[in-house]
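Please look at the sequence and the model together. The text below walks through charged pairs, aromatic rings and one surface patch.

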Amino acid sequence: MRVARRAVPRIVALHLAREFLWAFALTLGAFIAIYVIADFFDRFDTFLRHDASGGAIVRYFLFKIPLVVTQATPLAVLTGGIVGLGLLARQHEFVALRACGVSIWQMITPLLALAGLISVAAFAWNESVVPYSAHRWHMIETVEIKKRALPTVFMGHDIWYHGRAGFYNIERVNAKRNALYGLRIYHLGTDFRPQRVVEVDTATWTDDGWQFAGARTRRLTPGGVEESPGLPEGFTLPETLEDFRVASVEPEELSYAMLRRQIRDLRRKGVDISENWVDLHLKLALPAASLFMMLIAVPLAASGTRWTSVAASAGVGIVLGFGYFVLMAFARALGQSGALSPILAAWLANGLFALVGGYCVLGADA
C-alpha cells in the first residue's frame with residue numbers, strides 16, 4: 001500500500017533547515033572571501049601603478065561585497081545544500097525518513113520554501129543596498145584609486161556633464177559600444193545665457209576620433225530659434241570616451257525600478273536599449289536562481305553517500321554552480337546581441353537547471 005503524502009513533521013523540517021543554513025552561511029562566507037582575495041591579487045598591479053592608499057583599497061572592497069553577496073548566493077545555496085544535507089545522507093538520516101514513508105517531495109518542500117525566502121531577501125538586498133554600494137565602489141575606483149579628475153556630473157534621468165566645449169546633456173553613455181546616445185551640447189555666452197545647442201543622436205568613438213550621426217544645430221537668437229542640419233563649422237568634441245566613463249552607469253548601480261524607468265525614458269527618445277532589457281530581466285532571474293539550485297541540491301544530497309568527503313561534495317556544487325554562471329553569461333551575450341529574446345536570455349540558465357532539478361527529484365522519488 002502506498003503511504004499517503006502529508007506535510008513533513010515540523011521538527012523534521014526545522015532539522016533539515018538548520019543543517020542547510022549552517023552550511024549555506026559557511027559556504028557564502030567562503031565564496032565572498034575567495035572572491036575578494038582573487039580580485040585583490042587581480043588588481044594588485046593597478047593598485048601599485050596608481051599608488052592607491054590602503055584606506056581606498058579597503059573601502060573599495062567593502063562597498064563591493066554587497067554585489068558579491070548577490071552573485072554568490074545561488075552558488076552558496078547549491079553548494080551549501082549538497083554539503084549540509086549530504087552529511088545527513090551519509091549518516092543515513094534520509095534513509096530513515098524514507099523508511100518512515102517520507103517522500104523526497106515532502107523533504108524538499110520546506111527547503112524550497114526556505115530557498116524562496118532567500119530569493120526574496122536577495123532581490124530586496126539587490127534593490128536597496130547594491131545600487132548605492134556599487135556606485136560608491138565605482139567612484140572610489142575612478143577617483144581615489146585611478147586618480148582621474150572628476151568633472152561636474154549630475155545623474156538624474158539624464159546625465160549632465162561640465163565639459164570643455166560647454167555643458168553636455170547625455171541620455172546614455174554606453175562604454176561597451178563606445179557610444180554616447182542623445183548628446184546635447186549647450187554653448188554659453190559671456191553672460192552665461194545659451195547661444196547655441198548642438199544635438200547629436202549618436203556619437204561613436206573610433207580610432208579616428210568621434211563619429212556623429214543625426215546631428216543638428218539650433219541657434220538661439222533674439223528673433224527666435226534657428227535650426228539647421230549638421231554640425232557647426234569647425235566643431236570638435238575635445239573629450240575622449242575615457243573622459244565620459246565616469247558618467248557611465250553600470251546595471252548594478254540601478255535597482256529594478258530605476259532600470260525599468262530608464263528603459264521607458266530611453267525607448268521614448270529612440271535610444272538603443274537592447275542591452276538594458278536583458279539586464280532588467282536578470283535582476284529577477286538571478287535572485288530566483290536559489291529556488292532552482294535547491295531543486296538540484298536536495299536529490300544530489302540524498303545520494304551523498306556516493307561522495308566520501310565534504311570536499312568532494314563542495315567540489316560538485318562548485319562545478320555545477322560554475323556551469324550555471326557560464327551558461328548565464330553565454331545566454332546574456334546572445335540576448336544583448338539580439339540572437340535571443342531578452343527574457344529567454346535572462347531565464348535560460350534557470351529553465352535548464354529547473355528541468356535538471358525536476359528530473360533528479362522524480363528519479364530520487366521513484
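The paragraphs that follow take up salt bridges, then aromatic pairs, then a charged patch.

This is a predicted model, in which local features need pLDDT of at least 70 and side-chain atom pairs count only at pLDDT 80 or more, while totals for chains, interfaces and linings use all residues. Residues are numbered from 1 along each chain as its sequence is written, and side-chain values use heavy atoms, with hydrogens and water left out.

Side chains of opposite charge can pair when their charged atoms come close. The whole structure contains 14 salt bridges, a salt bridge being a side-chain nitrogen of Lys or Arg within 4 Å of a carboxyl oxygen of Asp or Glu. One of the salt bridges joins E141 and R43, whose closest N and O atoms are 3.1 Å apart. E141 belongs to helix α6 (residues 130-145) and R43 to the loop between α1 (10-42) and α2 (44-49), so this contact ties together parts that are 98 residues apart in sequence. Helices (H or I, at least four residues) and strands (E, at least two) are DSSP runs, numbered from the N terminus. E141 is buried at a relative accessible area of 14%, whereas R43 is partly exposed at 22%. Here buried means under 20% relative accessible area, exposed over 50%, and partly exposed in between (1.4 Å probe, protein chains only).

Which residues does E275 pair with? E275 forms a salt bridge with R172, the closest N and O atoms being 3.7 Å apart. Because E275 lies in helix α9 (residues 274-302) and R172 in strand β3 (residues 166-174), the pair ties together parts that are 103 residues apart in sequence. E275 is buried, with a relative accessible area of 10%, and R172 is buried as well, with 11%. E275 also forms a salt bridge with R177, at 3.1 Å between the closest N and O atoms. That pair links distant parts of the chain, since R177 sits in the loop between β3 and β4 (179-188) and E275 in helix α9, 98 residues apart. R177 is partly exposed, with a relative accessible area of 32%. Elsewhere, salt bridges that share partners join E171, R184, E199, D201, R216, R218 and E227 into one network.

The aromatic side chains come next. The structure holds 17 aromatic pairs. Rings of Phe, Tyr and Trp (its six-membered ring) pair if their centres lie within 6.5 Å; planes under 30 degrees apart count as stacked, over 60 as edge-to-face and the rest as tilted. The ring centres of Y60 and F61 are 5.0 Å apart and their planes stand at 80°, so the pair is edge-to-face. Y60 is buried at 1% relative accessibility, and F61 is buried at 9%. W210 and F244 also form an edge-to-face pair, with 6.0 Å centre to centre and 80° between the planes. This pair links distant parts of the chain, with W210 in strand β6 (residues 209-221) and F244 in helix α7 (residues 241-244), 34 residues apart. W210 is buried, with a relative accessible area of 10%, and F244 is buried at 0%. One aromatic cluster is formed by F40, F41, F44, F47, Y60, F61 and W137.

Last comes the surface. R260, R261, R264 and R267 form a positive surface patch. Patches are made of residues with over 30% relative accessible area and no salt bridge, like charges being joined within 9 Å and nonpolar side chains (Val, Leu, Ile, Met, Phe, Trp, Tyr) within 5 Å. R267 is placed in helix α8 (residues 256-268) and counts as exposed, at 51% relative accessibility.

Terms used
Accessible areas come from the Shrake-Rupley method with a 1.4 Å probe; for residues, only the protein chains shown count as cover. Lys and Arg count as positive and Asp and Glu as negative; His and the chain ends are not counted. The place of a charge is taken as NZ of Lys, CZ of Arg, CG of Asp or CD of Glu.
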